[in-house]
Amino acid sequence: MEFKRVSPYKFVVEKHGNMRVDALLISSDKLIQYVEKDKALEQLLWVATLPGIVKYSIGMPDIHQGYAFPIGGVGAFFYDGGVVSPGGVGFDINCGVRVIKTNLKYDYIKDSLEELGKTLFKMIPAGLGSTSDYTFSIEESKRAMKLGLEWAVEKGFAKEEDIENIEDNGRLEADPDCVSRHAIERGREEFGTLGAGNHFLEVDKVVEIYDKDLANAWGLYEGQIVVWMHTGSRGLGHQIATDYLDLMRPKMEKFGFKLVDRDSVYFPIQEDLSQRYLLAMGSAANFAWVNRQVLTYFVRKAFSKVFGMDYEKLGMEILYDVAHNIAKQEQYEVNGKLETLLVHRKGATRSFPKGHPKLKGKFKETGQPVLLPGDMKRGSYILVGSEKSIKETFGSVAHGAGRVLSRHQAVKQITFEDVQKELQREGILLYTNDKVVAREEAPLAYKSIDLVVEPIVNEGLANLVARSKPLIVIKG
DNA sequence: ATGTCC
C-alpha cells in the first residue's frame, strides 16, 4: 500500500476503491513497518469506506489490529448520514486510564514497597473473572450506570472533588433500560475489579518533568509517588457490545450495508437502535468510571493502612481519568462550518487543549492531561492536549505502547522467570494471579512508549509534561 | 478485552 508522507510524522493513503475519504496515519519511519504488515491497515482503509465519515480515517502511532476498527483508530461521522459502530468503540467500553497523585516521595516509601505491594495485591480484585466484595442489586447497579461518579459520591467511594478530575465528570448520557438483564447481571459483581490482559495497577515514581509550569499547576514533581490504573467496564461492556452487534447485524442489509467480517457492524446514527446503543454505551462508560473509582477507594485504603494516615493527608487526589474506548458527540469545524459529529475513539485518547468548551475548572486553563501508559518496565508519559489535535485528529492521540509480539509469540519466547528477572534488575515488584498473563504482558512484548510519543509530540498533537517509572506492578 | 464459543 502506498503511504504518501505529508509531513515528518504524517502519512496519507489517498482514497481509492470504495473509500469515501483518505486515511491519515500518525507514525514514523520506525513504526510504519509494523502497520504495513498488519491487518490494521486494511481496517484503517475500511473505516474510510463508511457512510458519513468526515475528512479521513485516522490511525495513531500505536495502531494495531482490532475487531472491525483498528485499535489506535479514530473515525468521526456526521449525525446526518453517518453511522455508529460498536466495533469502533471496542468491546471494553470506556477502557481507560486514571492517575492518582500522592504527596509521598520515593525516599519516604522505599522501605515500605513490599508491604505496600502486598497490601494492594490483597485488596485489588485482579484477573479473569475477578469479582468484588461490593456487589449490588440489579436496581442499584442500574443507578450506578445512570449516574456514574455521582453514584460513587453518594455511596462513599468518591468525594465531591473527584468528579472535576475525570473526563466528562465521570458521567455520559445513559439509559440502563437499554442494557440487557444479562449484561447488568455480569456487571453487578464487577464493581472495583481490575480484570486481566493489559489491565494493570501500578505505583510509579515521577522521574522527569518536561513542563515545570504545567507540572506545578497539576501538582506533579520529580520523585513523587503516583498510582496508575488501566481498566474498563469488564464483562458488562463486553456483553453490551456483543448484544448490540447481534441486534444490528441482521438489520444492516436493509440500508445496503455489507459486512466484511463478523464484527464490522455499523448502523445509521439516527436509527432508534443506534440511539439505544449509544445510551447503553453511556451506561457502560459510567460503570467503567465507577469501577475505576471503587478501585481508587481500595488504593486510598491500602495507602492509609500502610502509612497510618488518612488518604487526604497523603494527598491522594485524582490527577485525571481518560476514556480511550468511546464514541462522543463533539463539535468541529468542517469546511468552515461548525458541525456536530460522532467521534469514535478506539484505543485513542482525547487531547483537548486549554480553552476547549468541554473542559472545566483548572483544565480549562491548562488543557487536559493525556495519560499514555507504556509497558511495566519502561514507564509512562503524562502529556497535555493541544489545539493542533483539534484541527488535525478530532482532538485525539494514541493510547499506549501497543504490542510488538502477539500474546502467543510472547508466551512462546518468554518465561515467567524471564519477566521476574527483568523487573528485579530494575527493582520493580510484580504481583500477579496469572503467570501466563505476565508473560503475555512482558516488557519485550511491547513497543517502546518513546516511539509512540515521538510522532505525537513532534506533530504537536499533545505536549510532554512528565514521565514516571514503575515500582510496583499488579496484573490480572 | 471477555465467565478466552451456550
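Val299 and Phe303 touch the most other members of the largest nonpolar core, which has 102 residues. A nonpolar core is a set of buried Ala, Val, Leu, Ile, Met, Phe, Trp, Tyr and Cys residues joined through side-chain atoms within 4.5 Å. Helix H11 (residues 272–307) gives this core its largest share, 18 residues. This is a predicted model, where local features need pLDDT of at least 70, side-chain atom pairs count only at pLDDT 80 or more, and totals for chains, interfaces and linings use all residues. Residues are numbered from 1 along each chain as its sequence is written, and side-chain values use heavy atoms, leaving out hydrogens and water.

**Nonpolar cores**

- Phe303 is in contact (heavy atoms within 4.5 Å) with several residues, leaving aside its neighbours within four places in sequence; among them are Thr102, Leu104, Val203, Ile225 and Met316.
- A second, separate core has 64 residues, including Met60, Val370, Met376 and Val384.

**The annotated site**

- The UniProt annotation "binding site", from an unreviewed entry, covers Asp92 and His199.
- These residues span 108 residues in sequence, yet no two of their C-alpha atoms are more than 11.0 Å apart, so they gather at one spot.
- UniProt positions are given in the numbering used here, feature names are shortened, and annotations may be inferred rather than shown by experiment.
- The side chains of Asp92 and His199 are joined by a polar contact of 3.1 Å.
- A polar contact is a pair of N or O atoms within 3.5 Å; within protein, one must be able to donate a hydrogen and the other to accept it, and residues adjacent in sequence count only if both atoms are side-chain atoms.

**Asp92**

- Asp92 sits in the loop between helix H3 (86–89) and strand E7 (96–105).
- Helices (H or I, at least four residues) and strands (E, at least two) are DSSP runs, numbered from the N terminus.
- Asp92 has a relative accessible area of 16% and is buried.
- Buried means under 20% relative accessible area, exposed over 50%, and partly exposed in between (1.4 Å probe, protein chains only).
- Not counting residues up to four places away in sequence, Asp92 touches His199, Gly232, Ser233, Arg234 and Asn325.

**His199**

- His199 lies in the loop between helix H8 (181–187) and strand E8 (200–209).
- His199 is buried, at 7% relative accessible area.
- Not counting residues up to four places away in sequence, His199 touches residues including Asp92, Cys95, His230, Gly232 and Lys475.

**Cysteines**

- Cys95 is buried, at 5% relative accessibility.
- Cys178 is buried too, with a relative accessible area of 5%.
- A disulfide is a pair of cysteine sulfur atoms within 2.5 Å, and by this rule the count is zero.

How values were computed
Chains are lettered from A and ligands numbered from 1 in the order in which they are written.
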